Each structure stands twice: as C-alpha cells, then as structure tokens.
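Please walk me through this model, with an eye on the ligand and what surrounds it.

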Amino acid sequence: MPTIFTKIINGEIPCFKVAEDENFLAFLDINPNAKGHTLCIPKKEVNKILDLDEETYLGLMSFSRKVGKALEETVDCKRVGMSVIGLEVPHVHVHLIPLNEMKDATFQHKVKLSNEEFVELAGAIGSKIEKLQK
Ligand code: 5GP
C-alpha cells in the first residue's frame, strides 16, 4: 500500500506545497512544531533514509539545503534545524524546523495554524527559493 506521502506526491491527498522538482517535493508539516515546519521527501518511496541509494540521498540533502535556506530567510528564527525520524510515516522525510527554543525541536510542542497561514507560508517560502536561485 502506498504511503501517505506517496499519495501526496500523486495528488490524491492535498498538501501545502513549498517546492518541487523531478525527484523531490517539499511541503508544510500538517502538525508543525513551529511556524514554517517543512518536510522534504524523495518521490521514490523508501522507508529509511540510510537505505536510499547514494544519489537520491545526496540529492535530498541538496534539495533540503535549498529549501532550508529559503525557510531561514522567511520565518523569524534563530536557525533552521534538520532532523530525520520516520517513526510515524515510513517514507523518507527531512524535517526542516525553524528553531527559537529547544522545545521547538522536541515534537512535543505543537503550533496551530489556520488554512490561510499555511497557504501564505508555503507561498512565501516557495517564492524565496525562486529569488535565491536567481
Ligand atoms: P515522523 O515519521 O518523522 O515521526 O513524523 C511524520 C511527520 O509527518 C509528522 O511531523 C506529521 O505531522 C507529518 N504528517 C503526517 N501525516 C501528514 C499529512 O498527511 N500531511 C502532512 N503535510 N504532514 C503529515
């Protein structure tokens, strides 16, 4: 059975898309630790990050770096943290989390955002990526 993230890639489940290329997709986490919490995933469905082939692993890191830099310029934070967990969704994903305090990194403190805030954030990060690429 396809993972929930494969369903997002295929457009069967909606997401607040931040960026996409041929091999990777970035979208906002639906239950964010902090405003701007973004997930970067390979379109190839693989459960664990260390099982990715090297090319996809390095591509995911490069894609995540690009998205993370745009996120850092869009959201007020001390830094953007990266983590890989995967205990909930068995499809590789890099969490990019704007951090101000340690609790933002704990996955036990969550923030609620409105639909409008999600739409605005995804658009703002996405357009920052385009600007940084120029
Ligand atoms: P992990 O697998 O790393 O423990 O966490 C999975 C992450 O995916 C969680 O932060 C959770 O909020 C997020 N997530 C789970 N289902 C969905 C979904 O359908 N849409 C989005 N945008 N995020 C999801």
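Which element supplies the largest share of the shell around the ligand? Helix H1 does, with three residues. This is a predicted model, so read each distance below as computed from predicted coordinates.

Start with the chain. UniProt, in an unreviewed entry, places the feature "domain: HIT" at residues 4-107. Over that stretch the chain is 26% helix and 24% strand.

Now turn to the ligand. The largest pocket is where the ligand sits. In total, 16 residues surround the ligand. The closest are Asp 29, Gly 86, Val 89, His 93 and His 95. Helix H1 spans residues 4-9 and strand S2 spans 24-28. Each of these two elements supplies at least two residues of the shell.

What is the make-up of that shell by class? Nonpolar residues account for 10 of its members.

Three of the closest residues, Gly 86, His 93 and His 95, can be taken in turn. His 93 places a side-chain N or O atom 2.6 Å from an oxygen atom of the ligand. For His 95, a side-chain N or O atom is 2.8 Å from a ligand oxygen. Gly 86 uses its backbone instead: an N or O atom there lies 2.8 Å from an oxygen atom of the ligand.

How much of the ligand does the protein cover? On its own, the ligand has 530 Å² of accessible area, and the protein covers 88% of it.

Note on methods. Residues are numbered from 1 along each chain as its sequence is written. This is a predicted model: local features need pLDDT of at least 70, side-chain atom pairs count only at pLDDT 80 or more; totals for chains, interfaces and linings use all residues. Side-chain values use heavy atoms; hydrogens and water are left out. A residue is near a molecule or strand if one of its heavy atoms lies within 4 Å of it. A polar contact is a pair of N or O atoms within 3.5 Å; within protein, one must be able to donate a hydrogen and the other to accept it, and residues adjacent in sequence count only if both atoms are side-chain atoms. Accessible areas come from the Shrake-Rupley method with a 1.4 Å probe; for residues, only the protein chains shown count as cover. On a 1 Å grid over the protein atoms alone, a cavity is a set of points where a 1.4 Å probe fits but cannot get out, and a pocket is an open set with protein on both sides within 12 Å along at least five of seven lines; lining residues have an atom within 4 Å of a point. A molecule sits in a cavity or pocket if more than half of its atoms lie within 2 Å of its grid points. Helices (H or I, at least four residues) and strands (E, at least two) are DSSP runs, numbered from the N terminus. Ala, Val, Leu, Ile, Met, Phe, Trp, Tyr, Cys and Pro count as nonpolar, Asp, Glu, Lys and Arg as charged, and the others, Gly among them, as polar. UniProt positions are given in the numbering used here, feature names are shortened, and annotations may be inferred rather than shown by experiment.
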